[in-house]
Structure formats: structure tokens, C-alpha cells
Amino acid sequence: MSRILVSEKISDTGIEIMRDAGHQVDVILDLTSETLVAAIHEYDALIVRSATQVNRQVIEAGVNLKVIGRAGVGVDNVDVDAATEQGVIVCNAPTSNIISAAEQTFALMLASARRTAQANASMKKGLWERGKFSGNELYQKTLAIFGIGRIGGLVAARARSFEMKCIGYDPYATKERAEEIGVILYDDMAEVLAQADFITVHMPATKETLGMFGPEEFAQMKDGVYLVNAARGGIYQVEALVEAVRSGKVAGAGIDVFEEEPCTESLMHEVDEIILTPHLGATTEEAQLRAGIQTAEFVNLGLEGKMVPTAVNVPLIPDDAMTAVQPYIAAAQTAGQFLTQLAGGAIESLVVKVSGDLAKNDCSLLGSAALRGIFAYFTDAPVNFVNASYIAEQRGVKVRVETSEIRSEYASKVSFEARSGSETYEVAMTVFGSNDNARIISVMGFSLDLMPGRYILLVTYPDRPGQLGRMGTILGDASVNISTMVIGKREDSDRVLVMMNIDDPISTELRAAVDEAVGSERGWFIQL
């Protein structure tokens, strides 16, 4: 049973999902930084929203931490680098509030264009100022979307119902993605600004995006443009925005996010044409329910040692590629364990060669999986997909993944070659069958085919009659049962390699006796 600390309110359904999985869940709200640091060592997982600051001090104090779940989209309040160094998975719920955020974008867009908030305030004062609040339609206007990811795509889809023309700017998006969501993509930001009647931003807060709209950008906009920000605070420079609104360059703005939150006073608070809301993008009952459920499910996966699809400190792989690669992850970990025991010492480099149908996908994760198998065998520190590459870098282990769509005798095959000293050690794997069973199909260049068990005996010897009988007799006398066995051959050798799955571990002395009986120059006992 793992212990999970929930430091901010999430849905009761999410709590129950974790408890149904057998975990102890403690909900302790309003923790200070000091009390969180003092308590975190008792927990295997931590779930937060946006208020809890999970800094390096918290992470280093969390000696048992395996997963940090953020019940929302961003992870700005989590020190991801520190978590990666400690092998802690950081995951979020990136799709939990995308509908809510897209709808909040249109709420602000419509409210700004129709002066809704200002008219409401006037009415509450007992006034009837109908002529004062003339606004603008969205119909057939040009909407510029900066950032055409998930939320930007949803905004574009909803804009079509208003018959708006969508244009966009996103240095990381492809033309294909833009065409798919009905957005005309531009490489030049100035071209977009000059055409837009409405501008909305859907980008993370990075050094490139913070402050990207300043005096120069506002000057390039059409007169009477409307602006919306329901993404991250600071993308519009506040002083420049306020000046543009006061001058009439910008007709109105709807701002839901701020550089520092809570934000109870700013220059924007003084301008009636700027509508402010207290970060309500994700604040719907539906979004909060989804965030709690998704985060709980991902934390459960992390605690089970499985891949977490939303982990932000693990290489991101598209869903279709992950479906293809997933069955080979366990095989790669097995190969890593195999290699480190074959080498019997420090591995200096690793080459992962993917061939066949699997090579059509992003296979970078297989390198991390093999590293996890290599390092987990001889270190007490937690090793997972998060920190395997980091540990490799610290130890000077060079890793390379190569792909070739050319098929061998197998539809897909992954070969792992590790260098240690002057020698190279090799093991190749494939996966097939309804249960995606991993099979070893080559060891040290000897072709074979066997599903590995927990205990494996490998022996190379001259290919002569009676050798298997001699080995079987010695093992039988020692009450060691051979459950399955295969003989591997190499075209360039008169020797063979026998690979046996045995039911129990064997002593060094027994292995030496087997080697001597068959004239083996080399043998290994492998434990997976």
C-alpha cells in the first residue's frame, strides 16, 4: 500500500479511485511550505493544484516520492528539474480543462465585444444606458490564434460557428496541423497582427512568450482590435496593454490570468474596457471532476511502475506511436538487465537498433527503458523513465537509438548493443502473440528464440555430441530443473550457445562445474 498526500481540493471521485486501488490517501489542505517539507517524507505520491509550491526543498525531503500529480494543465508550481534528478514522475491532466478554457475564451471575447460586464455594472447602479454600450459582432471577423495546440484547436472549431476567419501563429505547429483545424498559419507575426479583429493567446509561459506583446506589437495591430488571454499571465505586457486600450488602439480586452496570482490590484484594474476574471478558465464542475479523475488514474499508474502518458519529464510520444512501442518497453527493460549481467561491469555506451515495422514510430523511449534495466540492477536509488537518461549522462554512458524499416525474419526486432571495456555485448528481442510476450532472439550473435524466465543459464561450448547430456546430469544431480531450453548457433563459429530457463538460482561452484564438463570458455547466470 502506498501513501498519497493530497494538498489541495480535488474531486471526491478522484480520491475514491486511488483508495479503490489500495492506496492510503490523506487530504491535508492549507499546508505551509514548512509543514509540507516536514510531512512529505512519509508519502509515495503528492497531488497538488496550482497553489502548492513543490520546490526543490520539498522534493529532496520527499525521500519516498515516486509521483507528483498536478490536477490541471500547467506544472509551473513544480520544480521539474529537481524531480527529474530524484527520479520522481511529474504528471498533469492536460486535457481536463481544455473545453472549459476554450469556452472561457469565448465568454471573454463576447463579453469584451458586447460590453457585457460594463453594462451589468451600470444596471446594478439602477441606470439604463443602452446607447453607451454599443459593441461589435464576431460574425465574419478575423480571429488570430497564437498557439494552435489542443485549446487553440478547440477555439478555432468554435469560431467557425460564428463564421469567423481563423488565422494563426505558432512556430512549433505544422501546416498540416493548421489545415486540420481550419487555421491559416503564418510565419510572420506582424502579418497576423495586421489582419486580426480579435486576438487570443494559447501558449505556455516561457522566455519566448512572456512579454511577447509589447508596444511594437500593439502598434502593428488594427485599430479597434479585441484581445483575450485565458492561457498564462504576462504574455501581454501590462503597461503596453493599458496604454493601447486608453488610446483606443485596443477596443477591449478580457484577461483571466496574471503573472502573480492572486492579483487584486494592477493598472488593468483601473480601465473599464479591460474585463478581469480570477483565473476561471478551469473553474467548472466538469473540468474539476475530469482533473481529479485523470490525475488519480495517472498517479496510480506511476505507483505501479507503469508508463504515465502525461508525464512531463518523460519524452513525449504521440498516442499512435505509444500504442506500437508500448509492448516493447518491458522487453527493453529485460534486455537492459540482461546486458548489465553479461558485461559484469560498467557499461560505457548503448546502441538500440530498431528494425522492421516498429521503426516507423518514435522509438526513443526504448533507450530509456533499456537504461532503466541496466541501472536498476546495481543501484539502490530509484530508476525509472524519468531519470534513466539523467543517470546515464551523469555516469558518462552514451546512448543512441537507430531505426531501419527493413524487415529481418521478424516483423519487428530490437537489438541492444552495450560496450564495456574492449568488448561489445548484444541481446535482441521481439514481441509477438496475443499477450505481447517478449522473446529473446539473439545473444552475443547466437540466433535463438526463447521467452526468458526469472533464472537463466547461458553456456557457450564446442558443438559435440553428448554435451547437453553432461550438463543435464550435473544440474539434475544438484536438483536444478530445466523448464525450457534452446540452442543458438552462429554461422562464423563452431561453438553453440545454450540458453536454459531454470527453476532456481545456482551457485558459482555449480556453474563452474557445468562449464568444465562441456569445455565452456564462457557462461553466465542471469537473474531477471
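A cavity here is a set of grid points where a 1.4 Å probe fits but cannot get out. The model is predicted, and I read every entry below with that in mind.

Cavity. I searched for cavities of 30 Å³ or more and found one. The largest cavity holds about 50 Å³ of space. I listed its lining: Ile89, Lys306, Met307, Val308, Ala311, Val314, Asn384, Phe385 and Val386. By class I noted seven nonpolar residues, one polar and one charged.

Pocket. Next I took the second largest pocket, with a volume of about 360 Å³. I counted 16 lining residues. Gln118, Ala121, Phe133, Asp272 and Glu273 lie nearest the centre of this pocket. Which element gives the most to the lining? I found that α6 does, with four residues. Both α6 (116-124) and β12 (274-276) supply at least two residues each. I sorted the lining of this pocket into eight nonpolar, two polar and six charged residues.

Helix α12. I then turned to residues 285-303, a helix of 19 residues. From first C-alpha to last, α12 reaches 27 Å, close to the 27 Å expected. I checked burial along α12; Ala287, Ala291, Gly292 and Phe298 are among the buried residues. Val299, Asn300, Gly302 and Leu303, towards the end of the list, are also buried. What covers them? I found that the cover of the buried α12 residues includes the strands β1 (3-6), β3 (45-48), β4 (67-70) and β5 (89-92). The helices α1 (12-20) and α5 (98-113) are included too. After α12 comes Gly305, and I noted its positive phi, near 80 degrees.

Methods. Residues numbered from 1 in each chain as written. Predicted model: local features only at pLDDT ≥ 70, side-chain atom pairs only at ≥ 80, totals over all residues. Heavy atoms only, no water. Expected span 1.5 Å × (residues − 1). Buried < 20%, exposed > 50% of the residue type's maximum accessible area, 1.4 Å probe, protein only. Contact = heavy atoms within 4.5 Å. 1 Å grid on protein atoms, 1.4 Å probe; cavity = no way out; pocket = protein on both sides within 12 Å on 5 of 7 lines; lining within 4 Å. Points joined across faces, edges and corners; volume = space filled by probe spheres on them. Nonpolar A, V, L, I, M, F, W, Y, C, P; charged D, E, K, R; others polar.
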